[in-house]
There are 2 protein chains.
Amino acid sequence: MSIPVKELQLISKIRGSVPGKGKDLDRGIGDDCSVFGRRGEGRWMVSTDMLVDNVHFNRSWHDPHLLGRKCIAVNLSDIAAMGGVPRFILISACLSEEITENWISSWYEGVQEIIAEHGCLLIGGDTVLGKEVNFSITVLGECIGENPIYRNGAQVGDGVFVSGELGSSAAGLELCRKLDGSMNIAGLPYLPFINAHLDPIPQVELGQILAKTGMVSAMQDISDGLATDLGHIVKESGVQARISETLLPVSTKLSEISNYLDVNILDLALRGGEDYQLVFTIKKEALDSFECSVDNLEIQNVTRIGTITGGSGVVLEDKEEQFSDISFSGYEHS
Amino acid sequence: MSIPVKELQLISKIRGSVPGKGKDLDRGIGDDCSVFGRRGEGRWMVSTDMLVDNVHFNRSWHDPHLLGRKCIAVNLSDIAAMGGVPRFILISACLSEEITENWISSWYEGVQEIIAEHGCLLIGGDTVLGKEVNFSITVLGECIGENPIYRNGAQVGDGVFVSGELGSSAAGLELCRKLDGSMNIAGLPYLPFINAHLDPIPQVELGQILAKTGMVSAMQDISDGLATDLGHIVKESGVQARISETLLPVSTKLSEISNYLDVNILDLALRGGEDYQLVFTIKKEALDSFECSVDNLEIQNVTRIGTITGGSGVVLEDKEEQFSDISFSGYEHS
């Protein structure tokens, strides 16, 4: 589903009408989080996400405990993308008549579990009875040092990296759709893919490790697909990213699963949303040192996929050494 | 509409499972805002409210420009209730297919207008296309000094005050319901009541003035009706409030309108929601000085309605000098 005109119009009106900076505001709309607070004192980051029934989740296959975890995880991922420390959570929940007490109890247990795992506190919220289930989550995080990592710092010569594997969540979503109605997932093959979709792990610890290296020039999380999210980095930084198909990290089973699902594996890796991994650039002068840390496993689970160059957009070199612009061809929640 | 069991259950689960204080957290769930930040540095307050179509507003009579204003106003009112300075706003909007571009443009103009009036900045949000219109707003404010005004500071002997007039918004809501479908409000009698409902004014400036006096022991905004909201103060403070029917400030026209609507005027004043005025207590030792400031119009638009005593609950002395407990008999959004 593409973003409808009204939504785009509202987003564009908002973007055009608000300042990116202000008194006590280091970064406004246009990054994973906004950053506020007085210079010289602790600075805070804040982000909010709204998850709507049948848009962002499907209760027929999403266990409420895992959904509770995911509602928080997608917000923690925004803090991870800035290298911050998540601290406080606010939850507004619109429930509907058909939600049972067991369902909401299980959902809240999932929320509590992941909040505790990340040492956060639930500090506020609102509840409403409406017609459509809707969870609106706000997360507050703390900056490590004065400067969080923004999207707009990538420069020519920097290396492009991603964490984890790409396309697993999108493959999991397709599996859930295919199996709709027969979802006893415990015995299923491809369970890791289904879990990647139902219970994504926000890369909070990795984000902090990366922030502390001082080597990262730009970062964001992969929520709408690598093509779209790396597209945000290059657009905000005024540069081009050139990445190679052969370097994209995917699960060894993704090929098998893409055959089973009859979907293109490259589509899953480039355009699949909700991996909640990180895409980031490492400063040119720090590349050797960073790659050494990766080789020595001091920094785990990251893969170099390309380089920042002059120009604009995201360019993919395919296996036949042909180049194509793949910017903003990503996934929208559907 | 009373709060359904599932909502109560979720609220009670949440209340029971979260701490009221924590590292960098001075106040968690259970007041108008939560208060966070490091001692000795600027402290922040945060609150969130969710407004759902046909629960909190009715698009058939709520002009979108005024609704945009109200979505922000009800959040600013939470900051006012702590004596804080509102600074930053995040908006998540779930729109539905039936929302026109004109409607959402007008709504957003209302949002921009009230944000500008209060010197705030819009710093984040999310947009979704769903089936039910839902606005989730988060507001961040700054504490004046180290200590915001909480609900739990009222002590025996303190005076009980309210700002503005009571029941006007509830009367306006009843008028809107009665006139549904014939709402050319410009020429209507009782327009101030309709405006009180459609375009409430959060008492941000008064909240700050009161906070700066150092005389206020407890405060909260009147969103669910005086009986309920004063009930929160006495419950959190472990005291009783005794208020007098003859002292309740109501518009001189409220009697006329309550006849026209065939509703009880005392019900409107005690149980009518959404006035977004302030109810607060003044420390016993500061009462003379405070009442002198009120008499000299240094502090305007406030009325003493009673006194804090030992015991529990909110007790009303009626015109026949009979006493009755009216705690928690307030309005729920309907």
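## Relation of the two chains

Copies are superposed by least squares on the C-alpha atoms of residues with pLDDT of at least 70 in both. In this predicted model, chain B is superposed on chain A by a rotation of 180° with 0.0 Å of shift along its axis, at an RMSD of 0.0 Å. The two copies are thus related as by a two-fold rotation axis.

Of the interface residues of chain B, 100% are also interface residues in chain A, so the copies meet through the same surface.

## A buried aspartate

Asp49(A) lies in strand S3 (residues 44–52) of chain A; strands are DSSP runs of E with at least two residues, numbered from the N terminus. Asp49(A) is buried (under 20% relative accessible area, 1.4 Å probe, protein chains only). Asp49(A) has no salt bridge, defined as a side-chain nitrogen of Lys or Arg within 4 Å of a carboxyl oxygen of Asp or Glu. The nearest side chain of opposite charge, Arg151(A), is 9.4 Å away.

Leaving aside residues up to four places away in sequence, Asp49(A) touches Val74(A), Asn75(A), Asp78(A), Phe135(A), Ser136(A), Ile137(A) and Asp126(B) (heavy atoms within 4.5 Å).

## The open sheet of chain B

In chain B, 7 strands form an open sheet of mixed pairing, in the order S8-S10-S7-S11-S9-S12-S13; two strands pair if DSSP finds at least two bridges between them. Strand S8 (216–221) and strand S13 (323–325) are the edge strands, each pairing on one side only. From one strand to the next, the twist averages 25°, with axes fitted to C-alpha atoms and angles running from 0 to 180 degrees between N-to-C directions.

Strands S9 (residues 240–244) and S11 (residues 302–309) of chain B run antiparallel and are joined by 4 bridges. Arg242(B) stands opposite Thr307(B) in S11(B).

## Basis

Residues are numbered from 1 along each chain as its sequence is written, and chains are lettered from A in the order in which they are written. Local features need pLDDT of at least 70 and side-chain atom pairs count only at pLDDT 80 or more, whereas totals for chains, interfaces and linings use all residues; side-chain values use heavy atoms, with hydrogens and water left out.

Note on methods
Buried < 20%, exposed > 50% of the residue type's maximum accessible area, 1.4 Å probe, protein only. Lys, Arg positive; Asp, Glu negative; His and termini not counted.
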